[in-house]
Amino acid sequence: MASAKRGKILVLGVGNLLLSDEGVGVHAAREMMEMDLPPEVLVVEGGTDGFGLMHVLVEADRVILIDAVKGGGQPGSIYRFEIEDCPPFPDVFKTSVHQISILEVINLSGLIGPTPRTTIIGIEPICLEMGMELSPQVARAIPKVIRLVKEEVAASLGHSPRKLATGGSPAGGSPSDPI
Amino acid sequence: MGRRITIDPITRIEGHLKIEVEVEKGKVKNAWSSGTMARGFEALLLGKDPRDASYVTSRFCGVCFSVHQMASARALDVAFGAQVPWGGRLLRNLVMGAEYIYDHLVHFYHLSALDYIDIMAIANYKGKDSELNKVKDKVVGLVQRGDTFPLTPRYEPDEFSVNDPDVVISAVKHYLDALKMQIKAKNMGVIFGGRAPHYQSIVVGGFTQYPDINQIARFRSMLDELAGFVNEVYIPDVLAFGTGPLLPLAKGGVGGGHRNYLSYGSFELNEAGDELVFKPGVIFNLNGTKSIEIRPFEQKRVTESVHYSWYKQDKPRHPYQGAQVFDLERPDAYSFIKAPRYDNVPMEVGPLARALVDQDPTILGIMRNQGVKPGAVARHAARALETKKVVDAMYHWCDELTAAMTKPGFKIHDTDHWEPPAEGEGAGFFEPPRGALGHWIQIKDHKIANYQAVVPSTWNASPRDERGVRGQYEESLIGAPVPDPENPINVVRVIRSFDPCLACAIHLIDPKTNEILKFMVE
């Protein structure tokens, strides 16, 4: 089943659009949906769905997940880590109110096929109050987030990151920049 | 005074439902159900264009998003005076039908079944079936790596747990098969829904996207596969468990609770709308299954009490008069969930309520012949059996849609009622997989003046009302056997049989440690 889909890269933005910065992944994914990206890339705005996203996850060979992450840094800080970098399940994700969190679903999909390599681009939130706008700190981080995602995509495709990273993104930089 | 046990959270992996029980002499004597997270997204809608409601409400919940879109669109249909053409109603039904199959399979296999089996028995499987041995190797491999999530239950197996290795291994095989099946069900919904999650296609007045004949053909072929799984695997599994090892729980009516049931009714089978898959109705105080009195549902009888909830409000109010103003100082309050009541009485909603209101002959037959009483096991059976009813209706809707498409003037949307009225109000009702869902909207100056949603888990998980009467989760726990206070597995079984879902808010990644800091890049 998966063999026919080799080379699919899924950019998945998740979060709750009604809780301000919690929706940062959704905001970033929506911007990326408007961009001209290589045909191998599928951008999905996953909302707060957990289990229900398995149908797109099993089609992907590579996942780049964009989400709000409480890592303890300044608001708007950006983290990049692999799914394996997270401490073991399931204690880590206590604050999730998904019945099953997105990272758990990615691991669960491993029971019926290969688990896609998953990198998380996380953004430190400040405001989780009810509201549909991002805080200024988090909104400012979005261009950098998109640049990082594009670099991940480029690296996965074996392209020059510069070529992809500069297209339409004000924060486009050289791959050798310390990010 | 019995011993108090707290279970928080109770959904399989995550959730914001806390259950406290007091156990005396091995049985639950008293129980409290608390929603531990503030909601109240309705406030976001005030002042917005009413047409936004179906999109915004679909963000209320990450698990059951599309059903809010449906209930919201129906409330708007009423408020706008829109007449949804048969084509639009058929498409809505097909998308919602796919949701039923998805939800019920995931609920049984992935969120509940593991409470009833001793997963470790799998290591004792001695059979030769190569596929089952693959399953055994996979699970044993996970156990050896210490990575048993998500297969291990949180509680120890008890006398009701199935530990026959052949049965356990086939259940786990079906767990894995159902993972693939739920993917198919999601993909099927996407054919007409446009995208998932958060379908775009259900709007006030009908549906946004015309179907073509190829889509219907694709939909049907996926439906064939899912129907096969429902009829040949899911229903037989549930019935084999329910009338086999779990029969004592089923006959004991463990998890029965108040015997009041409410269904709003859903899923028209004909254009006139007078034949439904699920009939609307109310049952008060069910007493046996011989003669069941069904009263008509009247929406004016719905109220919400906040006596034990963290909200400001004087007395129980109809949703049109409701508001979401928090009062964290409220004395005696213990939940963020309000207490919906019908004629001042708590109701159970969901598959068992639908089956009883429908007087479904299959479930009533099982209850009579096997002596099964309303409770946790009956709920699982009703859920499995109604999946078949929905699947059968989906074939019928595909036929109806195919026929309707070829007629001149085929419509899927009432475009004459797209603009919001200056004033208006409407109540929209739907029966999603988890039970009765109602949205109430009031419009003033073309904008939303008030909006209230009363969701299925609010009915079932409600706290006590101003008369001190327990909600249905609370009542259903009374008398549940808990021989070992360290292992309250029956409490979990009872609550999970309702398909609890309070996944209505935050979900961000929040590692316990500050480990993630070292991965900071900007």
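1. In chain A, I66(A) stands opposite I121(A) of strand β5(A). Strands here are DSSP E runs of at least two residues, and helices are H or I runs of at least four, numbered from the N terminus. Two strands pair if DSSP finds at least two bridges between them.

2. This is a predicted model: local features need pLDDT of at least 70, side-chain atom pairs count only at pLDDT 80 or more, and totals for chains, interfaces and linings use all residues. Residues are numbered from 1 along each chain as its sequence is written, with chains lettered from A and ligands numbered from 1 in the order in which they are written.

3. Strand β5(A) (residues 117–123) also pairs with β4(A) (residues 78–82), here antiparallel and through 5 bridges. I78(A) has I123(A) as its bridge partner in β5(A). Of the 7 residues of β5(A), 6 are buried. A residue is buried if 20 or more other C-beta atoms lie within 10 Å of its own, exposed if 12 or fewer, and partly exposed in between, with C-beta atoms placed from the backbone.

4. Strand β2(A) (residues 41–47) is largely enclosed by the rest of the structure, because 6 of its 7 residues are buried. Its parallel partner is β1(A) (residues 9–14), joined to it by 6 bridges; V14(A) is paired with G47(A). Together with helix α1(A) (residues 24–33), these two strands make a right-handed β-α-β unit. Right-handed means that, with the strands pointing away from the viewer, the path from the first strand over the helix to the second runs clockwise.

5. For chain A as a whole, there are 5 helices and 5 strands, in the order β-α-β-α-β-β-α-β-α-α. Of its 179 residues, 55% are buried. Among contacts between residues at least 6 apart in sequence, 71% join residues at least 24 apart; a contact requires C-beta atoms, placed from the backbone, within 7 Å.

6. The largest nonpolar core has 195 residues, and those with the most contacts inside it include L57(A), V149(A) and L105(B). Helix α3(B) gives the most to this core, 15 residues. Such a core is a set of buried Ala, Val, Leu, Ile, Met, Phe, Trp, Tyr and Cys residues joined through C-beta atoms within 7 Å. Leaving out residues up to four places away in sequence, L57(A) touches L10(A), V63(A), V105(A), I106(A), S109(A) and P116(A).

7. In chain B, helix α6(B) (residues 213–242) has 30 residues and reaches 41 Å from its first C-alpha to its last, close to the 44 Å expected. The expected span is 1.5 Å times one less than the number of residues. A kink of about 35 degrees is centred on V230(B); the bend at a residue is the angle between axes fitted to the seven residues ending there and the seven starting there. Buried residues of α6(B) include F219(B), V230(B) and Y234(B). The buried residues of this helix pack against α3, α5, α7 and α10 of chain B.

8. Two residues in chain B deserve a check of their backbone angles. Most residues other than glycine have a negative phi. D343(B), in the loop between β11(B) and α8(B), has a positive phi of about 55 degrees. D499(B), in the segment after α13(B), has a phi near 60 degrees. D343(B) is partly exposed, with 13 other C-beta atoms within 10 Å, whereas D499(B) is buried, with 28.

Methods. Contact = placed C-beta atoms within 7 Å.
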